[in-house]
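Visitor: I'm new to this one. Can you walk me through it in short answers?

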Amino acid sequence: MDPSQCSLNSVTIRGTGLDEVTALAEKFGFGGVGLWRDILDGHDLAQYSRNIADRGLRVSSVCRGGMFPHADAAGRRAAHEDNHRAVDQARDLNADCLVLVCGAAVGRDLIGGRAQIFDGIAELEPYAREAGVRLAIEPMHPMMASTRSAITSLREANDIAEKIDSPHVGIALDSYHVWWDDTFPEEVARAEDSIFSVQLADWATPINDELTSRAMPGDGCIDLTAFMGTTPGYRGLVEVEVLSSFWWSQPAADAVEAAVRGLRRVTQP
């Protein structure tokens with residue numbers, strides 16, 4: 001894949017500020033940037049959006065909204081307010097979507113947690129629709145059910161999107177989270193035009209940390225060319241989003257150069 005078809009996600013070079021993320025994306029020929037919210041504070045986001053558009057770039061995603069389940073009303077209210085702020089940021093950035101990391105269940109109540117996730121997304125949808133922001137539900141690997149998201153399969157994410165039945169609610173498809181699923185081909189076909197984001201990272205063992213052991217594309221066991229072959233209708237930028245304690249310890253430019261090498265090993269139909 002050519003970097004111009006792709007987007008550099010800021011978390012791949014965590015610790016790098018917004019301006020440097022943008023500069024590195026431009027230097028290495030990326031078509032855009034994916035932005036985690038931790039680097040957005042203190043910036044005029046609408047002006048930033050205009051500036052990068054003038055440079056031929058765009059914002060492919062903002063991460064994250066979500067984290068819906070909470071044990072009490074105060075926690076749910078705080079999450080509701082934070083999700084509105086996230087929608088506002090995605091709107092100001094003219095982002096392709098706001099990625100939803102849905103949140104872990106409270107205690108041992110997995111069923112209740114999933115119900116809170118559905119209710120939270122359904123409640124957020126009208127605000128996002130009015131803002132013109134698409135919400136992308138990201139199913140996560142099951143090992144993260146107790147820490148990051150109780151939505152652990154593409155089937156579950158599709159079920160939510162279909163029940164809400166809004167053109168502003170769809171899917172964020174991350175290779176690291178869904179590559180293992182034997183129902184993936186059927187579920188990705190089911191998603192069709194509701195895939196709002198595609199993200200690439202590879203799976204390399206041993207897994208030293210559930211969150212920060214990802215590998216650059218081509219450095220692990222996922223057939224990423226086959227993965228991309230399941231999404232022929234996707235027309236957005238493909239993000240390289242590699243959460244890696246190893247790459248975070250390296251100079252940012254070295255990590256981006258490694259990402260480009262990895263992307264060039266992936267064939268996009």
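Visitor: Is Asp82 buried, exposed or partly exposed, and what is its relative accessible area?
Guide: Asp82 is partly exposed, because its relative accessible area is 23%. Buried means under 20% relative accessible area, exposed means over 50%, and partly exposed is in between, with a 1.4 Å probe and protein chains only. This is a predicted model: local features need pLDDT of at least 70, side-chain atom pairs count only at pLDDT 80 or more, and totals for chains, interfaces and linings use all residues. Residues are numbered from 1 along each chain as its sequence is written, and side-chain values use heavy atoms, leaving out hydrogens and water.

Visitor: Which residue does Asp82 form a salt bridge with?
Guide: Arg85. Their closest N and O atoms are 3.3 Å apart. A salt bridge here is a side-chain nitrogen of Lys or Arg within 4 Å of a carboxyl oxygen of Asp or Glu.

Visitor: Where do Asp82 and Arg85 lie?
Guide: Both are in helix H3, three residues apart, which is about one turn of the helix. Helices (H or I, at least four residues) and strands (E, at least two) are DSSP runs, numbered from the N terminus. Arg85 counts as partly exposed, at 44% relative accessibility.

Visitor: How many salt bridges are there in the whole structure?
Guide: A search finds 16. One of them pairs Arg114 with Glu156, with the closest N and O atoms 3.0 Å apart. Arg114 sits in helix H4 and Glu156 in helix H5 (residues 154–164), so the pair ties together parts 42 residues apart in sequence.

Visitor: Is Glu156 buried or exposed?
Guide: Buried, because its relative accessible area is 10%. Arg114 is partly exposed, at 27%.

Visitor: What does Arg265 meet in a salt bridge?
Guide: The side chain of Asp219, at 2.9 Å from N to O. That pair links distant parts of the chain, 46 residues apart. Arg265 is in the segment after helix H10 (252–263), and Asp219 is in the loop between strand E9 (214–215) and helix H8 (224–229). Arg265 is partly exposed, at 45%. Asp219 is partly exposed too, at 44%.

Visitor: Which residues do salt bridges with shared partners join into one network?
Guide: Arg155, Asp159, Glu162, Glu187 and Arg190.

Visitor: Switching to strands. Which way do the residues of E4 point?
Guide: Strand E4 covers residues 98–101. Leu98 and Leu100 point one way, Val99 and Val101 the other, and all are buried. In a regular strand the side chains alternate between the two faces of the sheet.

Visitor: How many bridges join E3 to E4?
Guide: Four, and the strands run parallel. Two strands pair if DSSP finds at least two bridges between them. Strand E3 spans residues 58–66. Gly66 has Val101 in E4 as its bridge partner.

Visitor: And what about E4 and E5, how many bridges there?
Guide: Three, again in parallel, with E5 at residues 135–137. Leu100 has Ile137 in E5 as its bridge partner.

Visitor: What kind of unit do E3, H3 and E4 make?
Guide: A right-handed β-α-β unit, with H3 at residues 73–92. Right-handed means that, with the strands pointing away from the viewer, the path from the first strand over the helix to the second runs clockwise. E4, helix H4 (residues 110–131) and E5 also make a right-handed β-α-β unit.

Visitor: Last one. Where is Ser197?
Guide: In strand E7, residues 195–200. Ser197 counts as buried, at 1% relative accessibility.
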